[in-house]
Amino acid sequence: MISVILGWVSDPNMRWILMGSLLLGLGSGVIGSFTFLRKQSLLGDALAHAALPGICIAFMLSGVKSVGLFMIGAILSGMAATFGIHFITRYSRIKQDAALGIILTVFFGVGVVLMTKIQHSGNGNQSGLDKYMFGQAASMMLSDVYLMGAVSIMLVLICALLFKEFKLVSFDPGFARGMGMKVGLYEQLLLLLTVIAVVVGIQAVGVVLVAALLITPAVAARYWTDTLGVMVVLAGVFGALSGVAGTLISSTLSNLPTGPVTVLAATALFTVSILFAPRRGLLAKWLRRIRTRQEVQSSLEVHTATSMISHHRAERRMD
Amino acid sequence: MTDFWIILTGTLVAATSGILGCFLVLRKMSLVGDAISHSVLPGIAIAFMISGSRDSLLMMFGAAVLGLITVFLIQLLQQGGLQSDASIGIVFTALFAIGVIMISRNASNIDLDLDCVLFGEIAYVQWDTLIIGGYDMGPAAIWFLGITLFIVLFVIGLFYKQFKICAFDPALAAAVGIPVALFHYLLMGLVSLSTVASFESVGAILVVGMLIVPASTAYLLTDRLSMMLLYSVLIGALSSAGGYYFAKWLDASIAGSMISAAGLLFLLAFLFSPHHGLVARLSKRRRMKSVTI
């Protein structure tokens, strides 16, 4: 077993892929904390689906399969999607969840139309498109891994630099506006960072599962702390751990895709957190309830005992 | 005849989802449909492993069970104090991941294609016919979807008042003694049933789209639930017919075109709805401004 692990570490290709998925998990965990606090957990899901038309249009315009171009297309259509969601909730009676669902399905529907159009046009070069959508970290090119790592580091750095601003915007936008901060600007920046994190994540885990990279580590981290700084760091660590675990486990067994294993590793961390976290975990809550019940019971017993004594005394006084 | 069968399938999916979608949109749970349509995957995979064939009934059963488990888990996390969208996200991604792993681990002895589950292929509907006692009864999908629509209509029709009160005011419903949780699970059960029934023939994305988009469009056009249900079904039918011809003209995915058509209708309602549309709102605001000045 140990020799197998050593084998991975000494294989430079594997080392880079491990590094890439670690950084990806770190970056999306950090960004995910902010989207979770801003009650936009499913935005990642919508953005991932909305990326499809952008990728297809990028391919149609350029005719080449380049990850860089795909990313630009995906980022542009992701921005269009966030704008659409905002516009629908702002100017109609449609609620946030339905607006999210409408944008998600309609963008994806348009994307599927474009994708089939590309496939039927007989361009034999399109095979990478659906691979991009369903994600396969193990078969990623080394250049993709570099790009993924670099983008993730950039995300973490921006979050670290603008931590105070993002914190204020996430918790109390009204107060932030009162302080004279450009709230709209920072909100847009956070959205842009979310779009970038999603677009990078699609490659590694696929459209459907990329939402989990943002949500699950952040929610797991929330169970351990009430401080944003600690939560962001923990979410990053959880994300990185699940990225590494996913890559390692899926490379030991054949026919085991990386994305789903990564997501399940994150879910396992979440399950541990919800059960065993101090104070907010289910076990802690259960113990607290038992202790409270015991305290109440013993105080009741003391109470009845004292009242019996006083009752007894009163009777003796009567005599 | 191909045109007829495909449009009929699309319309049946649209009608079933359109009716249920109205209740989901009103209860602010539109994304539960999205979650269910993804998390039924392990159910389908398990049914495959047990039967070793594409037995539709067993598959439907497995998927329906998983649909209810999904709803139960989401509810459990929510009661633990988690935001509803976060709990939806965690549950469906985890279950979908399990499904993908099951399928890819057994890829050699399961002829289940992931693309097929997610996108479906409505174009082949008429070739997969139901044969009973040697008689060709027509496309199997039409039968399944027709029965599902009948069940949905029957249950909603029977408890229309209860569903209505639960949709608009759950607190009032609880106060007058309606078992809110029971009706919640009943609605979710119907959603997973319709998702599963539509799955094979049209794919997950069309179901999710038809659950959310026509119902939201109808929500912009009327303030009465009965009219909203009717509009939702009509809009769904219109988008499946329009989408089909659009796809034929463009030689592209039929399900994708149907969603795009529904999106186009939503955009029209968003802009030009008589009371809730953007144009009406803006002109009303302008009128108010001129009056005050």
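This is a predicted model: local features need pLDDT of at least 70, side-chain atom pairs count only at pLDDT 80 or more; totals for chains, interfaces and linings use all residues.

Modeller: Let's take helix H10 of chain A, which covers residues 183-205 and has 23 residues. From its first C-alpha to its last it reaches 32 Å, close to the 33 Å expected at 1.5 Å a residue. Just beyond H10(A) comes Gly206(A), with a positive phi of about 95°.

Now for its partner. Two packed helices are described by the angle between their axes and the distance between the axes. Helix H2 of chain A, residues 12-37, has an axis that comes within 10 Å of that of H10(A), and the two cross at roughly 145°. The crossing of H2(A) and H10(A) is left-handed. On the H2(A) side, the residues that meet H10(A) are Ser21(A), Leu24(A), Gly27(A), Ser28(A), Ile31(A), Phe34(A) and Thr35(A). H10(A) answers with Leu190(A), Leu193(A), Thr194(A), Ala197(A), Val200(A), Gly201(A) and Ala204(A). Sorted by type, the residues of this contact of H2(A) with H10(A) are eight nonpolar, six polar and no charged. An α-helix has 3.6 residues a turn, so residues three or four places apart point the same way.

As for the meeting of the chains, that contact takes 43 residues from chain A and 48 residues from chain B. On the side of chain A that touches chain B, the elements giving two or more residues are helices H4 (67-91), H5 (96-120), H11 (210-222) and H13 (258-276) of chain A. H5(A) gives the most, with 15 residues. By type, this side of chain A divides into 27 nonpolar, 10 polar and six charged residues.

Notes. Residues are numbered from 1 along each chain as its sequence is written. Chains are lettered from A and ligands numbered from 1 in the order in which they are written. Helices (H or I, at least four residues) and strands (E, at least two) are DSSP runs, numbered from the N terminus. The expected span of a helix is 1.5 Å times one less than its number of residues. Two residues are in contact if their C-beta atoms, placed from the backbone, lie within 7 Å. Ala, Val, Leu, Ile, Met, Phe, Trp, Tyr, Cys and Pro count as nonpolar, Asp, Glu, Lys and Arg as charged, and the others, Gly among them, as polar. Axes are lines fitted to C-alpha atoms, for helices over the stretch in contact, and angles run from 0 to 180 degrees between N-to-C directions. A crossing is left-handed if the near helix is turned anticlockwise from the far one by less than a right angle, and right-handed if clockwise.
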